[in-house]
Amino acid sequence: MGEPTTVHWHGLVVPGDQDGGPHQIIQPGASWAPEFTGSQPAATLWFHPHAIATTATQVYAGLAGLIYIDDPVSHNLGLPQDYGVNDFPLIVQDRNFDSNGQFAYQATMMGLVPGETILVNGTLDPYLDVPKDKVRFRILNASNSENYKFQLSDGSDLIQIASDGGLLSEPIPLKSIALSPGERAEVVIDFSAISDESIQLHSGGRPILDLHIKKPSQKRQPPLPEQLATIDPFPTDPDQTTRVFELQSMGITGTINGKSFDMHRIDETVPLGETETWIIRNRGGMMMQSGGHPFHVHGTQFQVIARNGQLPPAEERGYKDTVFVGEGEEVHIRIRFNQPGLYMYHCHILEHEENGMMGQVKVE
Ligand SMILES: [Cu+2]
């Protein structure tokens, strides 16, 4: 490419200097050789560029992909795990096209112009033949700024088995699953319980993917286990540090704690390995509605402990690296960094990230 870029490992717990944030710039013609050992539970993670001022347009142009982490716990649960047979990625992105059929990235003072077309894995008008059996989908909202609320057209359940950072403690049957930019959900759909020959995955009535149900495979999937992973709550300590992050936006721009991003400023310093509580508040939008912000933290997987003073819904009780904070909402997370270095936290609406809503945390 004729412009600087980076490769950020979204959700991977790696040292700050391997994280691929704005400090690990790859200039045109140069290369970068990150090196790290993965040590975290099985999960569906992803990678995308994270350079200053070029993130949003480079992701829009196609730089995004998935990373799968497997482990014995996940492998031995009897979950569908044959890639391309009963285990499919669904990378969902909205796009506009120009008259030449090229992507047309267009932002205004209000933000990115929403795409008229939704692509799945880069495909227009996608459909998929699926076996009349249990099938796993690893869904990533890789849109720059759109939220989705996934549902099946026949009203069947989406059984969520994993969130951003790995398996939930148990399968959660849901009629709809909301994902803001950067969030993932792994779901199982049991097509053997569906009588229609074809159903549709949609979001608020917008078609996402047509699913054509074919004759059952030879070997049938076993029932889903009642228990998936063990999620140990991070230890609590009455003396632990609490930090507050106030999000405020105005159209395409925004701030965290009243500050616009400055690469030469460390906003927070956190001791390595210590558990903290972070309170994330969405103060809304100045003059216009914010629409909510997906708050993402690099280099760790956190636990959501409260949403608006209540326990979070079951699907938010696993590991997360991105949490949606709606207008006027307050979300509490328990967070711990197990690797040292400099990391970003930011709104994952890429236009907000590039226009002020990002900060830096130093872990030491
Ligand atoms: Cu935002």
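Asp125 counts as exposed, because 11 C-beta neighbours lie inside 10 Å; here a residue is exposed if 12 or fewer other C-beta atoms lie within 10 Å of its own, buried if 20 or more do, and partly exposed in between, with C-beta atoms placed from the backbone. The model is a predicted one, in which local features need pLDDT of at least 70, side-chain atom pairs count only at pLDDT 80 or more, and totals for chains, interfaces and linings use all residues. Residues are numbered from 1 along each chain as its sequence is written.

Asp125 sits in the loop between strand 7 (117–120) and strand 8 (127–131); strands (E, at least two residues) and helices (H or I, at least four) are DSSP runs, numbered from the N terminus. The phi angle of Asp125 is near 45 degrees, a positive value in a residue other than glycine. Asn257 also has a positive phi without being glycine, near 55 degrees. This residue belongs to the loop between strand 18 and strand 19 (268–270), and Asn257 is partly exposed, since 14 other C-beta atoms fall within 10 Å.

Strand 18 leads on to the sheet. Six strands form an open sheet in the order 18-17-20-25-22-23, with mixed pairing. Strand 18 (253–256) and strand 23 (319–320) stand at its edges, each with a single partner strand, so one side of each has no neighbour in the sheet. Two strands are taken to pair if DSSP finds at least two bridges between them. Strand 22 (residues 302–307) and strand 25 (residues 330–335) pair in the antiparallel sense over 4 bridges, and Arg307 has Val331 of strand 25 as its bridge partner.
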